[in-house]
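Here is a short briefing on how two protein chains meet. Please look at the structure first, then read the points below.

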Protein chains: 2
Amino acid sequence: MRTQSTSNETIEMYLKTIAELGDGGAPVVIARLAERLGISPVSANEMVKRLGEQGLVAHVRYKGVTLTKNGRYIAHNVIRRQRLWERFLVDHLKMEWSGVYEMACRLEHATSNVLAEALSAYLGHPTTCPHGSPIPKSDGSLPLVSTRPLTALRVGEKGCIHSIQPTTTDVYAYLNRYQILPDRNFTVSEIAPMEGPITLDLPSGKVALGRSMAELVWVNV
Amino acid sequence: MRTQSTSNETIEMYLKTIAELGDGGAPVVIARLAERLGISPVSANEMVKRLGEQGLVAHVRYKGVTLTKNGRYIAHNVIRRQRLWERFLVDHLKMEWSGVYEMACRLEHATSNVLAEALSAYLGHPTTCPHGSPIPKSDGSLPLVSTRPLTALRVGEKGCIHSIQPTTTDVYAYLNRYQILPDRNFTVSEIAPMEGPITLDLPSGKVALGRSMAELVWVNV
DNA sequence: ATTCTTTATAAGGTCACCCTTATCTTTTAA
DNA sequence: TTAAAAGATAAGGGTGACCTTATAAAGAAT
């Protein structure tokens, strides 16, 4: 007599990923979603259909998936919980900055609302995660930040790193190794042609970043 | 190309439950296991067979299931992680004593070894959970404690509550309401016949406990 | 306008983990 | 010792979430 519908964990991962990829509400094409979740596009398509039936997302053929109001509320709560855990892991448990995203992702699924609020209070209601991204409020609101990816800058422009977008542990580790971290100032010293690397001048030295990695680095000018 | 064997979470729940029910290594009959896990005995039987194939448990027909060395190692690590989280939830997040068992159970499944060790260090390597039970060491060892259930005492005996065995939130809440908590001293003031309630004389007053609840209360005399 | 690429869907599977009902065995207790 | 109770298993199902291999439809590029 067990009515087991789609598991929370699966739903949460889909909604969170849609929110992360379609930052601010842009439609996310199913193939991108599948890629990020590490599953086949066909499976993602099936799942999106189910999420649509539950009123959590809207899908327009060949355009992409967007979150409904309800879906976004859930997604932001998921992101909130994850980023709170990230703060705890980095600030209190002194865990590696590059590994906490994945660790916190797992903890997130096991976190009730009441736990999230207790954790937030314990941490002193932080507003950003260790990667610089804002932590949504418990009402699901997420402040809009006006930053842009590093790829939008031109040679000679100076800026300050605002945040690193969600990525994998190895990418975080790479960025960490070269001190590409929130709140670091830099100057764009070179942009190679043919989609080549972007070279940054940081206090710690010069670093060349490929375009796709540079997409993940959001900056203020 | 996804080789998905029996999920960690499922295995962990089975092993942990066997360890909890067969405290110290007594065989656990499959029906008890099923009851505790909230599944049918047939399903539990199937699963036990799978765990047996993986060398984690041994099952003797009509006698019960026991953990192998390897199975016990995993079970104790699971219990360790859960009890560490319980400490964190109670001591730091100030969450309700009666609810933390279930909360910590969920967090446990999302906890890697490295996280568990960091958490243990953060907490100052505690040796007992908030319900009084010992926390296994990271090598899987669990100190034997020589306590007995309240049901083993006779009228007039004095004792001190050592621990409350794992149970459901509502039972914890009941015990908490009547201050039946670790380290409280008491006298057995009455034992009703016909498997009736056992009445305790506590600093906070007299409390009558049914036999099955009294089984959960472990005491030192 | 036609080809190429990207995106979506249809059809048919797999696997872990759960279910019920029916049929044994073993243990226990009258 | 024999019947009842408790425990185990066989047989047959179901569901969520994934998979692969087509095929169809839309958008982009020549």
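A polar contact is a pair of N or O atoms within 3.5 Å; within protein, one must be able to donate a hydrogen and the other to accept it, and residues adjacent in sequence count only if both atoms are side-chain atoms. By that rule, 5 residue pairs are in polar contact between chain B and chain A, both at pLDDT 80 or more. This is a predicted model, in which local features need pLDDT of at least 70, side-chain atom pairs count only at pLDDT 80 or more, and totals for chains, interfaces and linings use all residues. Residues are numbered from 1 along each chain as its sequence is written, chains are lettered from A in the order in which they are written, and side-chain values use heavy atoms, with hydrogens and water left out.

**Between the chains**

- On chain B, 18 residues are in contact (heavy atoms within 4.5 Å) with 18 residues of chain A.
- The two chains bury about 1600 Å² between them, 75% of it on carbon and sulfur atoms; buried area is the accessible area (1.4 Å probe) that two parts lose on being put together, summed over both.
- There are 0 salt bridges between chain B and chain A, a salt bridge being a side-chain nitrogen of Lys or Arg within 4 Å of a carboxyl oxygen of Asp or Glu.

**Helix H4 of chain A**

- Helices here are DSSP runs (H or I, at least four residues), numbered from the N terminus.
- A:Lys94, which follows H4(A), has a positive phi, near 55°.

Note on methods. Helices (H or I, at least four residues) and strands (E, at least two) are DSSP runs, numbered from the N terminus.
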